[in-house]
Amino acid sequence: MTTAPIPGLDRAPTTHRRLLAWVREVAELTTPEQVVWCDGSQGEWDRLTTRLVEAGTLVRLTAKPNSFWCASDPADVARVEERTFICSRERADAGPTNNWMDPVDMKIIMTEQFRGAMRGRTMYVVPFCMGPLGAEDPKLGVEITDSAYVAVSMRVMTRMGSQALAAFLDDEGTERDFVPCLHSVGAPLAPGQQDVPWPCDNTKYISHFPEERMIWSYGSGYGGNSLLGKKCYSLRIASVMAREEGWLAEHMLILKLTSPQQKVHYIAAAFPSACGKTNLAMLEPTIEGWKVETLGDDIAWMRFGEDSRLYAVNPEFGFFGVAPGTDWHTNPNAMRTVERGNTLFTNVALTDDGDIWWEGMGEPPAHLTSWKKQDWTPASGEPAAHPNSRYRTPITQCPITAPEFDDPNGVPLSAILFGGRRADTVPLITESRGWEHGVFLGATLSSETTTAAVGKVGVVRRDPMAMLPFIGYHAGDYLQHWITMGKHSDADKLPKIFHVNWFRRGEEGRFLWPGFGENSRILKWAIERIEGTASAVATPIGYVPTTAALDLTGLDTPIEDVRATLKVDEAQWRAELPLIEEWFDTIGDKLPATLREELYALTERLA
Ligand code: GTP
Ligand code: SPV
Ligand code: MN
């Protein structure tokens, strides 16, 4: 080596040889000013947040303890699906729904991007564990990043630092595998160059190497692009692991529902980004005697237990929630969670008295600092908070977090819901006719696009199991994996699958269903179907409740609206058939025959 030693590089708190070698290799390529091994302590958080305040990245809130406001570069506000790549060796393994690049080509390109990319910056080494630390086979990762903002965010979102690093050697002292996750904002600093509050690059790459179980991310500081334990590891890479090892990595919340008779059911639900997972996970029931507790709001890892039931674990340790629309009426538990502090708010508005504000929180104050860092008044004519502005807050602070969220065995699921944002066609709830029909409902899930990803908003697209941007391999193989999983157990042990839609609209585009806490009525019906006590009508698309089958006590929504949300409009469904066919054609030869048969059977029932 010809260059001077990099301070901190040799201060590694581990003997893990593969980790040491990789950290050295990255440091030599990216040439940071120093290397810091993150321990996850409060002292480290205080140091890094203080530095971020000095740099102008964070503003300390006076109204909430240990909490910060942050405004990103206006061009770095969401996931970048167009710049997200699955670099499997064979193009065919990435399938038709992913961007693919040859891993060798991608490494050549990105190595040049990373060369010197951390100049003038600190390189943070963040060991982390996705899922409970007590797991028999803990899923480990290390994120190397040149962003202190990412390092502190990882402390909220994952089990990280010394506690995770301890798991890198097993009880016998053998080195465990980990997923190397390399991240740079792509903004090296020349000597004396003044940094900006939110460094990033116009060029962005979010690349996954599924065979090597490796992630390289360049150019963005936004959540899903930069917190690599989240979508990149826990969905794109984990979905590949899960297929090989016989489990499922899914874009799902996990909740615990307790009936007035104290019967417990666990439910997982997959909705596309910004379609209501966090809100459902923290729901406050409006029906007497029912209780919801939360275990996760975005990702579920699911495997069969010895009793042949499907068990779910949340790999994350915090919530990365959509801020706009969250308030004391829609999601009081999220409000209580962030009130307790230790929260980072990004791209919301800042009040003059050191608090945060966003659209949906009621009357705005007379003056705000907008997410664009501009003066804002109610007359400004544009939102004060970006529609995809978010809060990061610890799961342990949520007043309704179920204690079993940290159980390495997970919780046995009674039901899986698939849902989307559809203005028409899709009823409030439909029960599938069985596992394979349920997989068909998931495979044909559709939703209007949202601001969680860069691109057009409000366009209906197919989003299988809400996983379109997150399946790390061929979508046809993924759907086959779902069908195969169903053969593991008898029907009575498998979770029952439902399709929901909280977003059906009436005249003038208003929502027909009030949603949020009122969704407890729909969960109740689902549970009663599982227990065999609620009635349903068999329709061509599945079993749908009548208004009489739902508990509508105390609901002030007009009954005609409820009826309209439940309506199965066969003409609209017939119009849906060619769209499903087109989607299935996109998947190509690997589409499971079972799903073609389901489509054929649906067509027959609608004829
Ligand atoms: P990601 O974090 O992007 O995966 O989103 P998510 O699926 O967790 O969505 P979230 O719960 O954050 O909700 C997104 C938006 O949908 C927010 O603006 C909510 O206010 C709104 N929303 C959530 N649930 C409902 C509902 O039941 N009805 C209506 N009308 N809106 C809802
Ligand atoms: C989503 O977009 O589904 C999110 C936010 O949950 S991100 O972490 O950016 O993926
Ligand atoms: Mn999500």
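Strand pairing and contacts between parts

Q: What makes strand β20 (residues 349-351) and strand β22 (residues 368-369) a pair?
A: In this predicted model, β20 and β22 are joined antiparallel over two bridges. Pairing requires at least two bridges, so β20 and β22 count as paired. Within this pairing, Leu350 stands opposite Thr369 in β22.

Q: Which sheet has antiparallel pairing, and in what order do its strands come?
A: It is an open sheet of four strands in the order β21-β20-β22-β23. Strands of a sheet pair through backbone hydrogen bonds.

Q: Why are β21 and β23 called edge strands?
A: β21 (356-357) and β23 (375-376) each pair on one side only.

Q: How is the chain divided into domains?
A: Domain 1 covers 17-58 + 81-245, domain 2 covers 248-316 + 402-606, and domain 3 covers 319-397. Between the C-alpha centres of domain 2 and domain 3 the distance is 29 Å.

Q: How do you know which residues of domain 2 and domain 3 are in contact?
A: A residue is counted when heavy atoms lie within 4.5 Å. The contact involves 14 residues of domain 2 and 16 residues of domain 3.

Q: What makes the pair of Glu284 and Arg336 a salt bridge?
A: The closest N and O atoms of Glu284 and Arg336 are 3.0 Å apart. The limit is 4 Å between a side-chain nitrogen of Lys or Arg and a carboxyl oxygen of Asp or Glu, so the pair qualifies. The count between domain 2 and domain 3 is one salt bridge.

Q: How many residue pairs are in polar contact across this interface, and which elements of domain 2 take part in touching domain 3?
A: Two residue pairs of domain 2 and domain 3 are in polar contact. On the side of domain 2 that touches domain 3, α9 (277-281) and β15 (291-296) each supply at least two residues. That side divides into seven nonpolar, five polar and two charged residues.

Q: Why can the salt bridge of Arg17 and Glu175 be said to tie together separate parts of the sequence?
A: The structure holds 41 salt bridges, and one of them joins Arg17 and Glu175 at 3.1 Å, N to O. Arg17 lies in helix α1 (residues 17-30) and Glu175 in the loop between α6 (162-165) and β9 (179-184), so the parts they tie together are 158 residues apart in sequence.

Definitions and conventions
Residues numbered from 1 in each chain as written. Chains lettered and ligands numbered in written order. Predicted model: local features only at pLDDT ≥ 70, side-chain atom pairs only at ≥ 80, totals over all residues. Heavy atoms only, no water. Domains from an automatic or database assignment. Polar contact = N/O pair within 3.5 Å; in protein donor to acceptor, adjacent residues only side chain to side chain. Nonpolar A, V, L, I, M, F, W, Y, C, P; charged D, E, K, R; others polar.
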